[in-house]
Protein chains: 2
Amino acid sequence: MLDDLFSVERFVGDAGIALSRIGRFLGDTSVRGLALTDPALVMAAAGKLTRGGRPDDAAMHADRLAAILDLYARTGIPVYSPGYMGRQFSGPLPVTAAVDLASAILTQPASFYEAGPLPSVAERIMGEELNRFLGMPADRFTMVTTSGGSLANLTALLAARGRRYPEVWTTGLAGLDRRPAIAVGEDSHYSITRAAGLLGMGEAQVVRLPLDAARRIDPVRAAAELDAAAARGLDLFALVATAGTTPVGAIDPMEALADLAAERGLWLHVDAAHGGGMIVSDRLRARLAGIERADSIAWDAHKTMFVPAACTMLFYRDRDHAHAAFRQEASYVFEKTPDRYTAFDAAEKNFECTKRPMIMSLWVPWALYGPAPFVEKIEGLCDMAVQAHDLLRAQRDFVPLHRPDSNILCFRYVPEPPMDEAASGALQTEIRNRVRSRGRFFISKVDLDGQAALRVVFMNHVVTAQHVGLLLDEIRTVAAMVLEERA
Amino acid sequence: MLDDLFSVERFVGDAGIALSRIGRFLGDTSVRGLALTDPALVMAAAGKLTRGGRPDDAAMHADRLAAILDLYARTGIPVYSPGYMGRQFSGPLPVTAAVDLASAILTQPASFYEAGPLPSVAERIMGEELNRFLGMPADRFTMVTTSGGSLANLTALLAARGRRYPEVWTTGLAGLDRRPAIAVGEDSHYSITRAAGLLGMGEAQVVRLPLDAARRIDPVRAAAELDAAAARGLDLFALVATAGTTPVGAIDPMEALADLAAERGLWLHVDAAHGGGMIVSDRLRARLAGIERADSIAWDAHKTMFVPAACTMLFYRDRDHAHAAFRQEASYVFEKTPDRYTAFDAAEKNFECTKRPMIMSLWVPWALYGPAPFVEKIEGLCDMAVQAHDLLRAQRDFVPLHRPDSNILCFRYVPEPPMDEAASGALQTEIRNRVRSRGRFFISKVDLDGQAALRVVFMNHVVTAQHVGLLLDEIRTVAAMVLEERA
């Protein structure tokens, strides 16, 4: 049985089935939103497919695999459709699927050179390629891939904690006579606050910095907040800026925040999970000015570099800090003698022991195409957000809530006659839910200062102003239905 | 340009190239070890492939993709070869490559039902399927997949910390008047000790429990060690057992340790990253007796369930504890109203925000084949380890160091005349390095009580006693060379 299941024939046959089923999904660019299916129905279908599988029945096998892949595609999010504009997920460059297929079989963990020579080397190459745009000191920086933005943020804060309190790794925080604290913007990602809870600082020691009207950290009020925190007895050791906040895609003023961090001896971490991709564009790069002064930068290639999740890069300004995050003696832990091979090992810089060779899905398209498609795509998406903003401004029944810093736009539908805040908020939420269930478009909802707003994220280059126009019509239709029902 | 790169034609063409190149790798079961290449050479080859890529040149594209995949396969570990016996990596079931190809394009994060309905449902199904073997309380347990064994161990210890010190998530450890501590076996994985450093307990608060002659935790001496730790003022809250230690694959006595944990109110976590797979076998299951009493179990499907990395399952005895690991108010963090969809969301139980739909590569072969191939494979590997052990015992110049609890076997080569310990240790290391560089077999080296030993891990069902015999001959040849050079 095993010889059959592990045969080249099975591999080629199964992959062929996947190619035909998934090719259909990729090629279907009809305008559609979410086909949100009742979990009970998916559960019943999947349960039926789970029962009675038999390794020796090749014909049943082919039918069942096709049925599974069809169910997988049918119930999922249509990331290649121009109707899907609701989240920070993008349909990856198709060549990355060929890479993932190869990586599944080749089984090369990217933690040790010995186990994954090419992924280890590709990680170094991509670090250097992308740092040409980022501009960290070329002779000191390092980059390590890791399994998602949350893990990159955690690792960076761990390195920051280790720089300020090197003894804590061994002795623990319980013996510390200071109260370690970090400062973050009000719109920072939940993984930052979570890291404070996890690392033992405690969420109460997270200082929230106020935002300006564009929802970026206000550096002047931030300075006052840091002073107040110090006066309360908090020992601040890190400041987290965001390049591309989750709610509105805002980019914090990194030059001013780098000044603040430098004055106060704080580690500056930039969570550029979403916004990092803008750095490859000559036109957009200036929006990230100051990012090169960060001590660490987290950047999800699976967001604005259009590769499968998770592929997160963590850049350190100083490679010694990368090793300091996990303060273990490598020779003890890893039982090895340093040599030309181990110099390429990522394990000491990584939380993971067995790490997916995730860099391959970024390096391969970069090697094949160069930067051009990445530049064209991210510029198109950011341009589209501005176009949508201008389009909304020209409507009497829509209000954009900010001029986009990146590819995210929040707005509200404002019917005549005007509504009070609570009623308007309820209307936005109802619109979003109805748009979702009608299945033509998918948009998201976000609460800004406690008020619901609608949100679109441009991740797909096939989306045009015409699609945005159709979306606005859909919203008007839905809103009219809601208002009529209420009347 | 983008329309071309995102076309179905590119997808099918690129995947076709991957199929032919990777099919060759899969089909090559010649006996070979590591083709360890100088990083400078891989760097030069990869660097050359990185430069000058052009999206518009389809012929160049095909050649270059083929060259990249060939380099990837040629320099990597031959996991499907019977010569590769050195690490806990296995060549995955080929159907999983088709699944990974599909998952790359479908882009369904498994954190939210809305984004990944089938992966969310499959996670629940696989939890139930596998708990039939594990035997946790069916109405209370829960399972969540996560990105690797290290993250599963960390998450479990976080849940344990949260149960004992619920206030720490908010207030931090710095204010605590107790010294939280955990107890682990001497051979436990480094990720456990690391978690203590990371979570703010401090590595000095890790109590190391002594092992018996079979390198399993000795429960009697462990009890004394726990008493001594308490007398030193440590506040123990968790005990970590291992089912399949990294050095020798030993399985700690979980019944006795569960008793110890229950008496003392400790959270029992079982790191079954390696050994978990044995549970599906009627013949092997008894070796894991007591595992159902754990509060949490980490189990890497990418080890002994033969799917691509990372696919780790974290089982909790009580689902409320899963939610307690990350003590955030879900409605605040995730801005959502609980409904029939959100009931399937994994996000509140997961460290990750965007999580790979890793469960698909386990559920799909399980659905297609049922348990049979998993059972056949794990039984074969464990049987092979015992066979190899018996074979070694029959040789006058080899000594097996333990009777295998799972599929790992450590041993030493002992030439005539006898050597002192230091010389013998140096010889084992030299043998391992030469075997590696000759490229016929790959085995690993491990230090046991400070003494080097050779180590084989049986992960490939095509390995037979004949291959083990060939390996012993190779070791003899190499040892003779070393001893001759020294003389």
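In chain A, strand E6 (residues 296–300) and strand E7 (residues 312–316) pair in the antiparallel sense over five bridges. Pairing requires at least two bridges between two strands in DSSP. Strands (E, at least two residues) and helices (H or I, at least four) are DSSP runs, numbered from the N terminus. Within this pair, A:Ser296 has A:Tyr316 of E7(A) as its bridge partner. The model is predicted: local features need pLDDT of at least 70 and side-chain atom pairs count only at pLDDT 80 or more, while totals for chains, interfaces and linings use all residues. Residues are numbered from 1 along each chain as its sequence is written, chains are lettered from A and ligands numbered from 1 in the order in which they are written, and side-chain values use heavy atoms, with hydrogens and water left out.

E6 and E7 belong to an open sheet of seven strands in chain A, ordered E1-E7-E6-E5-E4-E2-E3. The pairing in this sheet is mixed. Its edges are strand E1 (142–146) and strand E3 (206–209) of chain A; each has a single partner strand, so one side of each is left without a neighbour in the sheet. From one strand to the next, the twist averages 20 degrees. Helix H10 (residues 219–231) of chain A lies across strand E2 (179–185), E3 and strand E4 (234–242). This helix runs at about 155 degrees to E3(A). Such angles run from 0 to 180 degrees between N-to-C directions, with axes fitted as lines to C-alpha atoms, for helices over the stretch in contact.

Chain B also carries an open, mixed sheet of seven strands in the order E1-E7-E6-E5-E4-E2-E3. Strand E1 (142–146) and strand E3 (206–209) of chain B stand at its edges, each with a single partner strand, so one side of each lacks a neighbour in the sheet. Neighbouring strands are turned by 20 degrees against each other on average, direction ignored. Strand E4 (residues 234–242) and strand E5 (residues 267–271) of chain B pair in the parallel sense over five bridges. There, B:Ala238 is bridged to B:Trp267 of E5(B). Helix H11 (residues 254–264) of chain B lies across E4 and E5, at about 165 degrees to E4(B).

A hairpin is formed by E10(A) and E11(A), with two residues between them. Strand E10 covers residues 444–448. Its partner, strand E11 (residues 451–457), pairs with E10(A) in the antiparallel sense over five bridges. A:Lys445 has A:Leu454 of E11(A) as its bridge partner. Buried denotes under 20% relative accessible area, exposed over 50%, and partly exposed in between (1.4 Å probe, protein chains only). In the turn, A:Asp449 has a positive phi of about 50 degrees.

Phi of B:Asp449 is also positive, near 50 degrees. This residue sits in the loop between strand E10 (444–448) and strand E11 (451–457) of chain B. Its relative accessibility is 68%, so B:Asp449 counts as exposed. A:Phe306 has a positive phi near 65 degrees. A:Phe306 lies in the loop between H12 and E7 of chain A and is buried, with a relative accessible area of 1%. A:Ala310 is in the loop between helix H12 (301–304) and E7 of chain A. A cis peptide bond joins A:Ala309 to A:Ala310, with omega about -10 degrees. In chain B, the bond from B:Ala309 to B:Ala310 is cis, with omega near -15 degrees. Most residues other than glycine have a negative phi, and most peptide bonds are trans.

Chain A has 18 helices and 11 strands. The C-alpha atoms of chain A fill a box of roughly 70 × 60 × 45 Å along the principal axes. Buried residues make up 66% of the chain.

Chain B can be laid on chain A with an RMSD of 0.0 Å by a turn of 180 degrees and a shift of 0.0 Å along the axis. That is the relation of a two-fold axis. The superposition is by least squares on the C-alpha atoms of residues with pLDDT of at least 70 in both copies.

Key:
Contact means heavy atoms within 4.5 Å.
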